[in-house]
Amino acid sequence: MKQVVLRIDDAAFEKFMGMVSLCPQVEMLNVCQTGDGKLTTDRYVVSAIREMRQTLAFRYPCDYAYLMVAMNESVVKGLPFFYTPKDFLDYMRESKFDNLPGRSTVYNTIAKVKGKYPDWTFTDAPKASEALRRKNLIKRFLSAFMKAQSRQLDGLSDEF
């Protein structure tokens with residue numbers, strides 16, 4: 001058995017439900033209104049970062065910059081885009097995160113990332129294990145982000 005999560009525009013919902021009714025092997029488990037997509041996405045981002053901080057995924061202050069790069073590359077559609085490290089750090093502070101790196105740390109780290117995730121290369125020529133760790137930060141973020149979405153869809157409350 002498979003479980004599929006879909007996001008359907010309001011205008012297409014009735015047509016979709018009509019198609020579902022044609023297939024008796026498909027069971028509709030849940031329908032919810034997502035509300036303000038930006039606020040919902042921000043909640044998932046905050047939840048994911050909190051989880052990563054709790055598991056000590058951010059080993060160095062510069063690790064936050066890799067998250068900014070990935071978000072700007074739209075590793076998940078609808079994530080915020082940041083024009084400057086200051087914008088990113090302001091977003092993090094608005095989300096009540098402390099102990100963040102400085103703007104110059106974020107800026108200098110961003111400058112070292114080349115290519116598009118997951119094929120990043122780094123101009124500071126880290127060891128293979130460190131390059132993999134940096135890329136795995138984003139995998140951990142994506143996993144935590146999807147987990148936050150899943151909790152919301154399952155109706156579990158998550159304090160934000």
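Author: Helix α4 (residues 85–94) and helix α5 (residues 103–112) have axes that come within 9 Å and cross at roughly 125°. The axes are lines fitted to C-alpha atoms, for helices over the stretch in contact, and the angles run from 0 to 180 degrees between N-to-C directions. Helices (H or I, at least four residues) and strands (E, at least two) are DSSP runs numbered from the N terminus. α4 and α5 are therefore oblique to each other; angles under 35 degrees count as roughly parallel, over 145 as roughly antiparallel, 65 to 115 as roughly perpendicular, and the rest as oblique. The crossing of α4 and α5 is right-handed, a term used if the near helix is turned clockwise from the far one by less than a right angle, with anticlockwise giving left-handed.

On the α4 side, P85, K86 and L89 make the contact, and on the α5 side R103, V106, Y107 and I110 do so; contact means heavy atoms within 4.5 Å. By class, 5 nonpolar, no polar and 2 charged residues take part in the contact of α4 with α5. Here Ala, Val, Leu, Ile, Met, Phe, Trp, Tyr, Cys and Pro count as nonpolar, Asp, Glu, Lys and Arg as charged, and the others, Gly among them, as polar.

The model is predicted: local features need pLDDT of at least 70, side-chain atom pairs count only at pLDDT 80 or more, and totals for chains, interfaces and linings use all residues. Residues are numbered from 1 along each chain as its sequence is written, and side-chain values use heavy atoms, with hydrogens and water left out.

The loop between α4 and α5 contains D98, whose partner R53 lies in helix α2 (residues 37–54), so the pair ties together parts that are 45 residues apart in sequence. Buried means under 20% relative accessible area, exposed over 50%, and partly exposed in between (1.4 Å probe, protein chains only).

The structure holds 8 salt bridges. Another of them joins the side chains of R133 and D63 at 2.8 Å, N to O. R133 lies in helix α6 (residues 128–153) and D63 in helix α3 (residues 63–72), so this pair ties together parts that are 70 residues apart in sequence. Both R133 and D63 are buried. D124 forms a salt bridge with R134, the closest N and O atoms being 2.9 Å apart. D124 sits in the loop between β2 (121–122) and α6, and R134 in helix α6, 10 residues away. D124 is partly exposed at 35% relative accessible area, whereas R134 counts as buried at 7%. Through shared partners, salt bridges join D63, D124, E130, R133 and R134 into one network.

Helix α2 also holds T41, which counts as buried at 15% relative accessibility. Leaving aside neighbours within four places in sequence, T41 is in contact with G78, L79 and F145.

The protein chain as a whole has 6 helices and 2 strands, in the pattern α-α-α-α-α-β-β-α along the sequence. Of its 160 residues, 33% are buried.

Note on methods: A salt bridge is a side-chain nitrogen of Lys or Arg within 4 Å of a carboxyl oxygen of Asp or Glu.
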